[in-house]
Amino acid sequence: MTKLDILVIAAHPDDAELGCAGTIAAHVAKGLKVGIVDLTRGEMGTRGTPETRIEEAEEAAKILGLSARENLGFEDIYFKDDTKHQHELIKIIRKYQPEIVLANAVTDRHPDHGKGASLATHACFMSGLRKIETSLEEQPQDPWRPKFVYHYIQNNYIQPDFIVDVSEFWEIKIASIMAFKSQFYDPGSQEPTSFISSPEFLPFIESRARELGHRILTKYGEGFTVERFIGVSNLFDLK
């Protein structure tokens with residue numbers, strides 16, 4: 001078992017890359033262990049196949065330097081924030097024992113993102129309850145509750161509670177996004193056009209990052225919302 005410092009929970013392969021790959025790369029560069037669990041294979045997406053999405057996710061994991069990446073194989077569009085799915089995610093949280101979880105946006109254009117956020121929130125809390133018993137590979141698991149759950153911002157603008165400076169890691173973020181080559185703009189592709197495959201989509205991602213970076217006087221930023229207030233003991237920890 002690889003204990004992770006940060007576990008990113010994503011409804012679809014490429015959600016984490018689009019939402020917080022710069023933050024992931026920044027913390028990997030600090031020597032921290034970061035992993036991603038994709039809830040679905042994105043099989044309902046307009047372009048690509050579940051098999052290509054898995055291959056692309058593996059390539060993105062290498063680019064980001066992840067310590068772990070798994071796919072739970074939940075049913076795209078149809079998964080729910082219910083007991084069955086909560087227990088499967090609890091197993092992953094207890095397996096990796098992260099201190100911090102980064103999860104989908106609390107509300108967004110794609111309904112799976114909000115569902116993924118809700119599922120992550122409930123599973124993180126429930127994972128700390130000792131009377132919920134789970135096992136992995138026939139071994140009982142100990143309770144574990146992450147210290148913090150933060151939500152990255154996706155398509156729809158949400159006022160962030162804090163912004164991470166990702167300027168030094170922007171090229172890594174873009175490389176990890178482009179690992180999902182079946183999904184984004186390719187003038188030679190014969191597949192149908194989708195919302196994220198338009199030539200305007202990636203410039204939008206950069207514009208959002210530039211806007212957030214501007215808010216903290218840096219070039220690029222990634223925003224997050226919190227589930228509870230963040231406390232500090234030293235005002236000079238704030239930048």
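Where is Arg47 found, relative to strand 2 and helix 2? Arg47 sits in the loop between strand 2 (34-40) and helix 2 (50-64). Helices (H or I, at least four residues) and strands (E, at least two) are DSSP runs, numbered from the N terminus.

The structure is a predicted model, in which local features need pLDDT of at least 70 and side-chain atom pairs count only at pLDDT 80 or more, while totals for chains, interfaces and linings use all residues. Residues are numbered from 1 along each chain as its sequence is written, and side-chain values use heavy atoms, with hydrogens and water left out.

Arg47 has a relative accessible area of 5% and is therefore buried. Here buried means under 20% relative accessible area, exposed means over 50%, and partly exposed lies in between (1.4 Å probe, protein chains only). Not counting residues up to four places away in sequence, Arg47 touches a set of residues that includes Arg53, Ser182, Gln183, Phe184, Glu191 and Ser197; contact means heavy atoms within 4.5 Å. To the backbone oxygen of Ser182, the side chain of Arg47 reaches at 3.1 Å. This is a polar contact, that is, a pair of N or O atoms within 3.5 Å; within protein, one must be able to donate a hydrogen and the other to accept it, and residues adjacent in sequence count only if both atoms are side-chain atoms.

Helix 3 (residues 83-96) has 14 residues and, at 1.5 Å a residue, should span 20 Å; its end C-alpha atoms are 20 Å apart, which agrees. The expected span of a helix is 1.5 Å times one less than its number of residues. Buried residues of helix 3 include His85, Leu89, Ile92, Ile93 and Tyr96. Among the elements that cover the buried residues of helix 3 are strand 1 (6-10), strand 2, strand 3 (68-74) and helix 4 (111-126). Just after helix 3, Gln97 takes a positive phi of about 45°.

Another loop, between strand 4 (100-103) and helix 4, holds Asp108. Asp108 counts as buried because its relative accessibility is 10%. Leaving aside neighbours within four places in sequence, Asp108 is in contact with His113, Gln154, Asn155 and Asn156. The side chains of Asp108 and His113 are joined by a polar contact of 2.8 Å.

Helix 4 itself contains both Lys115 and Asp112, three residues apart, about one turn of the helix. Their side chains meet in a salt bridge (3.2 Å, N to O). A salt bridge is a side-chain nitrogen of Lys or Arg within 4 Å of a carboxyl oxygen of Asp or Glu. Asp112 is buried, with a relative accessible area of 0%, whereas Lys115 is partly exposed at 23%.

A search of the whole structure finds 10 salt bridges. One of them joins the side chains of Asp38 and Arg69 (2.9 Å, N to O). Asp38 lies in strand 2 and Arg69 in strand 3, so the pair ties together parts that are 31 residues apart in sequence. Both Asp38 and Arg69 are buried. The side chains of Lys173 and Glu222 also meet in a salt bridge (2.8 Å, N to O). With Lys173 in helix 5 and Glu222 in strand 9, this pair links distant parts of the chain, 49 residues apart. Lys173 and Glu222 are both buried.

Ser176 is buried, with a relative accessible area of 0%. Not counting residues up to four places away in sequence, Ser176 touches Glu17, Ala21, Ala60, Ile63 and Leu64.

Phe236 is placed in the segment after strand 9 (221-226) and counts as exposed because its relative accessibility is 78%. Together with Ile230, Val232, Leu235 and Leu238, Phe236 forms a nonpolar surface patch with about 600 Å² of accessible area. Patches are made of residues with over 30% relative accessible area and no salt bridge: like charges are joined within 9 Å, nonpolar side chains (Val, Leu, Ile, Met, Phe, Trp, Tyr) within 5 Å. Accessible areas come from the Shrake-Rupley method with a 1.4 Å probe, and for residues only the protein chains shown count as cover.
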